Amino acid sequence: MTAMQRIEAFLKENAGRAYCDDCLSKALNIQPRNQVQQKTYSLAKDNRYWRGYRRCARCGEENKLVICVRLALVS
């Protein structure tokens with residue numbers, strides 16, 4: 001499984017939670033950390049993902065650049 005596939009799978013399994021690049025790197029053991037940053041930057045261009053500043057679900061730090069799966073609105 002590629003790093004991108006691992007990140008996507010992790011985010012889908014944890015839908016509704018936002019994670020910073022540092023925590024994704026640690027949780028998925030992907031080194032160097034900037035590899036995660038490159039992948040999440042690419043994922044942010046996909047409408048299925050949201051990337052912005054919020055609290056990270058893993059480390060709890062506020063105002064971190066995080067990424068998560070966009071949840072569909074159910075009417």
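**Close-up views of a predicted model**

View 1. Beyond the residues up to four places away in sequence, Ile67 touches Leu11, Arg17, Ala18, Tyr19, Leu24, Thr40, Leu43, Ala44, Tyr49, Trp50 and Arg51. Ile67 belongs to strand S3, which spans residues 64–69. Ile67 counts as buried because its relative accessibility is 0%. Between the C-alpha atoms of Ile67 and Glu13 the distance is 13 Å, with 54 residues separating the two in sequence.

View 2. An open sheet is formed by 3 strands in the order S1-S3-S2, with antiparallel pairing. Strand S1 (19–20) and strand S2 (49–54) are the edge strands, each pairing on one side only. The antiparallel pairing of S1 with S3 extends over 2 bridges. Cys20 has Val66 of S3 as its bridge partner. Helix H3 (residues 33–43) lies across S2 and S3 and runs at about 115° to S2.

**View 3. The largest nonpolar core and helix H2.** This core has 19 residues, and Ile7, Leu11 and Leu24 have the most contacts inside it. Two or more residues come from each of helix H1 (3–13), S1, helix H2 (21–28), H3 and S3. The buried residues of H2 include Leu24, together with Asp21, Cys23, Ser25 and Leu28. Buried residues of this helix pack against H1, S1, H3, S2 and S3.

**View 4. Salt bridges at Asp21.** Asp21 and Arg33 meet through their side chains in a salt bridge, at 4.0 Å from N to O. This pair links distant parts of the chain, with Asp21 in helix H2 and Arg33 in helix H3, 12 residues apart. Asp21 counts as buried because its relative accessibility is 4%, whereas Arg33 is partly exposed at a relative accessible area of 33%. Asp21 also forms a salt bridge with Arg51, where the closest N and O atoms are 3.3 Å apart. Here the linked parts are helix H2, holding Asp21, and strand S2, holding Arg51, 30 residues apart. Arg51 and Asp21 are both buried. A network of salt bridges links Asp21, Asp22, Arg33, Arg51 and Lys64.

**View 5. The salt bridge between Arg48 and Asp46.** The closest N and O atoms of this pair are 2.5 Å apart. Arg48 is partly exposed, with a relative accessible area of 46%. Asp46 is partly exposed as well, at 23%. The model has a count of 5 salt bridges.

Notes: Residues are numbered from 1 along each chain as its sequence is written. This is a predicted model: local features need pLDDT of at least 70, side-chain atom pairs count only at pLDDT 80 or more; totals for chains, interfaces and linings use all residues. Side-chain values use heavy atoms; hydrogens and water are left out. Helices (H or I, at least four residues) and strands (E, at least two) are DSSP runs, numbered from the N terminus. Buried means under 20% relative accessible area, exposed over 50%, partly exposed in between (1.4 Å probe, protein chains only). Contact means heavy atoms within 4.5 Å. Two strands pair if DSSP finds at least two bridges between them. Axes are lines fitted to C-alpha atoms, for helices over the stretch in contact, and angles run from 0 to 180 degrees between N-to-C directions. A nonpolar core is a set of buried Ala, Val, Leu, Ile, Met, Phe, Trp, Tyr and Cys residues joined through side-chain atoms within 4.5 Å.
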